[in-house]
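Here is a short report on a single protein model.

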Amino acid sequence: MTAIQVNGKTFEVNADPDTPLLWVIREHLGLTGTKFGCGIAQCGACSIHINGEVMRSCVYKLSMLTNKDKITTIEGLSDNLAHPVQQAWAEVDVPQCGYCQSGQLMAASALLQRKSNPTDQDIDNSMTNICRCGTYQRIREAVHLAVQIAKNPNKRKA
Ligand code: FES
Ligand code: FES
């Protein structure tokens, strides 16, 4: 059994230490918002936060965690969809098929932790998640709106 902290709770997981966190999260904890895309750290569909840093959970093994590490998945990003990126994504209506979007939100929220007002170039450089539907324009727009919402929670798109 391995104790892991996910979304503010501690779970005991009975899994092989080589199991990627993606499968621990989806299969053992039933948190299916984190998606499987490529399985080789390329697409970003499986993005989560570990101690606030965005990580690709398809290649992050259970054995790589320490008992102090705090994992956040899309389900734990906020209560009631209140995180500025969640509000901005809804306002801009970013998703098309939606498959990549929980990973995009995790990448965007980690970016805004590091950089409170990123440029388009910063967004393109640090958000390397693949969207097969090509929603990149709306993702950029939503990240900029999230900056405004973080400053003023009542802000809405003009
Ligand atoms: S499934 Fe992890 S990066 Fe694609
Ligand atoms: S919205 Fe369809 S893959 Fe991104």
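Cys 133 is partly exposed, with a relative accessible area of 28%. Cys 100 is buried, at a relative accessible area of 10%. Keep in mind that this is a predicted model. How many disulfides does the structure hold? The count is zero. A disulfide would be a covalent bond between the sulfur atoms of two cysteines.

## The sheet

Five strands build an open sheet. Their order is β2-β1-β5-β3-β4, and the pairing is mixed. Which strands sit at the edges? They are β2, residues 9-13, and β4, residues 53-56. Each of these pairs on one side only. From one strand to the next, the twist averages 40°.

Strand β3 spans residues 47-50 and pairs with β4 over four bridges, in the antiparallel sense. Ile 50 stands opposite Glu 53 in β4.

## Helices on the sheet

Helix α1, residues 21-28, lies across β1 (2-6), β2, β3 and β5 (70-72). Its direction is at about 100° to β3. Helix α3, residues 101-114, lies across β3, β4 and β5. The angle between α3 and β3 is about 35°.

Which residues of α1 are buried? They are Leu 21, Leu 22, Val 24 and Ile 25. These buried residues pack against β1, β2, β3 and β5. In an α-helix there are 3.6 residues a turn, so residues three or four places apart point the same way. After α1 comes Gly 30, with a positive phi near 70°.

## The aromatic pair

The structure holds one aromatic pair. Trp 23 and Phe 36 form it, with 5.3 Å centre to centre and 40° between the planes. The pair counts as tilted. It links distant parts of the chain: Trp 23 belongs to helix α1, while Phe 36 is in the loop between α1 and β3, 13 residues apart.

| Residue | Relative accessibility | Class |
|---|---|---|
| Cys 100 | 10% | buried |
| Cys 133 | 28% | partly exposed |

Conventions. Residues are numbered from 1 along each chain as its sequence is written. Chains are lettered from A and ligands numbered from 1 in the order in which they are written. This is a predicted model: local features need pLDDT of at least 70, side-chain atom pairs count only at pLDDT 80 or more; totals for chains, interfaces and linings use all residues. Side-chain values use heavy atoms; hydrogens and water are left out. Two strands pair if DSSP finds at least two bridges between them. Helices (H or I, at least four residues) and strands (E, at least two) are DSSP runs, numbered from the N terminus. Axes are lines fitted to C-alpha atoms, for helices over the stretch in contact, and angles run from 0 to 180 degrees between N-to-C directions. Contact means heavy atoms within 4.5 Å. A disulfide is a pair of cysteine sulfur atoms within 2.5 Å. Buried means under 20% relative accessible area, exposed over 50%, partly exposed in between (1.4 Å probe, protein chains only). Rings of Phe, Tyr and Trp (its six-membered ring) pair if their centres lie within 6.5 Å; planes under 30 degrees apart count as stacked, over 60 as edge-to-face and the rest as tilted.
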